[in-house]
Amino acid sequence: MKLLVESQYFPPVTLFRMSIQFSNVNIDIYDSWRKMSFRNRCVVVGGNGPINLSIPVVEGREQKKPLKEVRIDNRKSWQLQHWRTITSCYNRSPWFSFFEPELEALYRQPVDLLSDWNRTCFEWVTKKLGVAIYANYSPYVPGENGEGEVVDWRNKLTPKSIQNEFPDPVRYHQVFEERIGFIPNLSILDLLFCEGKNAQRILTAGG
């Protein structure tokens with residue numbers, strides 16, 4: 001079985017729970033760019049609630065290019081801003097200091113294409129989770145190589161729909177849960193910082 005999904009920036013926990021159930025994942029970087037998606041956005045949480053981290057792109061949100069060709073607007077110091085927000089949100093989480101050196105180094109790497117950045121993020125998380133997810137970035141051709149069942153999740157996970165589409169989220173203890181309650185469907189970074197090496201077991205169990 002294969003999971004087909006668009007490229008995303010530190011995707012929601014839900015995507016990783018789904019990904020580990022499949023033999024491989026086809027990450028479609030040839031699909032058309034769409035605004036208001038997780039392609040260039042991830043959601044973390046601070047003491048006052050969810051925070052959207054959005055990567056600026058050249059030519060703005062209305063462009064019609066394939067994601068593979070979308071370039072990041074590095075005239076804005078988005079990497080520094082995102083890293084400062086992540087640090088502010090999670091510096092008191094149980095596992096942040098464990099992941100901090102490598103993740104900070106990742107945010108210091110120069111990057112031009114959004115698809116390259118998202119791939120780096122996905123591969124980094126997969127390695128830290130310790131799960132065997134084979135990610136394929138070649139164009140998806142239906143029926144190619146006599147493949148088995150394909151589950152098409154492209155554009156199924158969106159900031160507007162995720163809460164309604166997935167009302168049974170993975171549960172775990174969050175940093176600010178006692179203050180603001182549990183916030184579902186956050187970026188996989190939230191699960192990593194809160195649960196560390198236990199994240200794989202939580203994803204496998206479904207929460």
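Helix H4 (residues 114-129) has 16 residues and should span 22 Å at 1.5 Å a residue; its end C-alpha atoms are 23 Å apart, which agrees. The expected span is 1.5 Å times one less than the number of residues. Helices (H or I, at least four residues) and strands (E, at least two) are DSSP runs, numbered from the N terminus. This is a predicted model: local features need pLDDT of at least 70, side-chain atom pairs count only at pLDDT 80 or more, and totals for chains, interfaces and linings use all residues. Residues are numbered from 1 along each chain as its sequence is written, and side-chain values use heavy atoms, with hydrogens and water left out.

**H4 itself**

**H4 with H7**
- The axes of H4 and H7 (residues 188-195) come within 11 Å and cross at roughly 30°.
- Axes are lines fitted to C-alpha atoms, for helices over the stretch in contact; angles run from 0 to 180 degrees between N-to-C directions.
- H4 and H7 are therefore roughly parallel (angles under 35 degrees; over 145 is roughly antiparallel, 65 to 115 roughly perpendicular, the rest oblique).
- From H4, Trp-124, Val-125, Lys-128 and Leu-129 meet Ile-188, Leu-189 and Leu-192 of H7; contact means heavy atoms within 4.5 Å.
- By class, the contact of H4 with H7 has six nonpolar, no polar and one charged residues.
- Nonpolar covers Ala, Val, Leu, Ile, Met, Phe, Trp, Tyr, Cys and Pro; charged covers Asp, Glu, Lys and Arg; the others, Gly among them, are polar.

**H4 with H3**
- The axes of H3 (residues 96-107) and H4 come within 11 Å and cross at roughly 170°.
- That makes H3 roughly antiparallel to H4.
- Phe-99, Glu-102, Leu-103, Leu-106 and Tyr-107 of H3 meet Trp-117, Thr-120, Cys-121, Trp-124 and Lys-128 of H4.
- The contact of H3 with H4 divides into seven nonpolar, one polar and two charged residues.

**Surroundings of H7**
- Eight of the eight residues of H7 are buried, so H7 is largely enclosed by the rest of the structure.
- Asp-190 and Glu-195 are among these buried residues.
- The buried residues of H7 pack against helix H1 (13-19), strand S3 (41-46), helix H2 (78-90), H3, H4 and helix H8 (199-205).
- Gly-196 follows H7, with a positive phi near 55°.

Note on methods
Buried < 20%, exposed > 50% of the residue type's maximum accessible area, 1.4 Å probe, protein only.
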